[in-house]
Amino acid sequence: MCKSEDGVYVAVITFENDVLLKLSDEGKLVWAKGLKSEDEDFHPDLTAVTYGEGYIFAGGNFLAKIDPNDGEVLWCKYPFSFGLIKNIWVPGDYVYVLDDDRIFKLDSQGNFTCVKEIEKDHHYIRLKSMHVSSDGIYVLGWVEDSAAIFMLDHDGNLRWAKRIAQRDLVLIPENIRVDGNIYIVGGLPKCKKLSRYLRSYEQ
């Protein structure tokens, strides 16, 4: 679910297809768009919706740019040749997409400008959430069995990484936001202070 200046957008999963709804601020239905493919063997799975630069971007195993006024699909990339999309960010002229282990950067017409797999010394890495800011891309995920934060430039090149690791700490990372400080949402015991468990990961 996401919100724009004139409505709220909600993804609904049905047995036949996934549907994107636009609701007014009062909860009234403005339009409903069924996301179907001309390829009968391809079933769209809708897992992420965001609003940016005047358009709706919906994705899962595909990525679509949608006109918020009438639900018209302006372009669609499918099937995405990776796992399901976790996050979509549209901070300006580019669209950033996060899946299990890669970041995709597209221009406003849906053309790929770069695809980067996040790697660090051949460790097993899985990604969960990202935040795109003016100074780079912050990604929350796992290295092996430890939660970790990755900081990348806008072309997906790794600048640094930090594990959130301690033998008695169990953290299930869920979301990350950056506003001068880095904020993390996850399964952290109430008695623990996150700053105690951030240690440098080899850069």
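Is lysine 86 buried, partly exposed or exposed? I looked it up first. Lysine 86 is partly exposed, with a relative accessible area of 30%. I use buried for under 20% relative accessible area, exposed for over 50% and partly exposed for what lies in between, with a 1.4 Å probe and protein chains only.

**Ground rules.** I am working on a predicted model, where local features need pLDDT of at least 70, side-chain atom pairs count only at pLDDT 80 or more, and totals for chains, interfaces and linings use all residues. Residues are numbered from 1 along each chain as its sequence is written, and side-chain values use heavy atoms, with hydrogens and water left out. My strands are DSSP runs of E, at least two residues long, numbered from the N terminus.

**Salt bridges.** I took a salt bridge as a side-chain nitrogen of Lys or Arg within 4 Å of a carboxyl oxygen of Asp or Glu. The count by this rule is seven.

I went back to lysine 86. Its side chain meets that of aspartate 100 in a salt bridge, 2.7 Å from N to O. Aspartate 100 lies in the loop between strand 10 (94–98) and strand 11 (102–107), and lysine 86 in the loop between strand 8 (73–77) and strand 9 (87–89), so the pair ties together parts that are 14 residues apart in sequence. Aspartate 100 is partly exposed too, at 24%.

Next I checked aspartate 6. It forms a salt bridge with lysine 22, and the closest N and O atoms are 3.0 Å apart. Aspartate 6 sits in the loop between strand 1 (2–4) and strand 2 (7–13), while lysine 22 belongs to strand 3 (residues 18–23), so this pair joins parts 16 residues apart in sequence. Aspartate 6 is partly exposed, at 41%.

Then came aspartate 99. Its partner is arginine 102, with the closest N and O atoms 3.9 Å apart. Aspartate 99 is buried at 1%, whereas arginine 102 is partly exposed at 22%. I also noted a network of salt bridges that links Asp99, Asp101, Arg102 and Arg126.

**Nonpolar cores.** I defined a nonpolar core as a set of buried Ala, Val, Leu, Ile, Met, Phe, Trp, Tyr and Cys residues joined through side-chain atoms within 4.5 Å. The largest has 15 residues, and Ile118, Ile137, Val139 and Phe150 have the most contacts inside it. Strand 10, strand 13 (125–133), strand 14 (136–143) and strand 15 (146–152) each supply at least two of its residues. Strand 13 gives the largest share, four residues.

I listed the contacts of isoleucine 118, counting heavy atoms within 4.5 Å. Leaving aside neighbours within four places in sequence, isoleucine 118 touches Asp101, Ile103, Ile125, Leu127, Val139, Phe150 and Leu152. Apart from this core lies another, of twelve residues, including Cys2, Tyr9, Ile56 and Ile66.

Two strands pair here if DSSP finds at least two bridges between them. An open sheet of four strands runs in the order 5-6-7-8, with antiparallel pairing. Strand 5 and strand 8 are its edges, each pairing on one side only. The twist averages 15° from one strand to the next, with axes as lines fitted to C-alpha atoms and angles from 0 to 180 degrees between N-to-C directions.

Why do I call strand 6 (residues 55–60) largely enclosed? Five of its six residues are buried, so the rest of the structure largely encloses it. Six bridges pair it with strand 5 (residues 46–52) in the antiparallel sense. Across that pairing, tyrosine 51 stands opposite isoleucine 56. The hairpin of strands 5 and 6 has two residues between the strands, and glutamate 53 takes a positive phi near 55° there.

On to strand 7 (residues 63–66). Four bridges join it to strand 6, and the two run antiparallel. They also form a hairpin with two residues between them. Alanine 58 stands opposite alanine 64, and isoleucine 56 opposite isoleucine 66.

**Aromatic pairs.** I paired rings of Phe, Tyr and Trp (its six-membered ring) with centres within 6.5 Å; planes under 30 degrees apart count as stacked, over 60 as edge-to-face and the rest as tilted. The count is five pairs. Tyrosine 138 and tryptophan 160 form an edge-to-face pair, 6.3 Å centre to centre with 65° between the planes. It links distant parts of the chain, strand 14 and strand 16 (residues 158–164), with the two residues 22 apart. Tyrosine 138 is buried at 8%, while tryptophan 160 is partly exposed at 21%. Last, I recorded one aromatic cluster of Tyr9, Trp31 and Tyr51.
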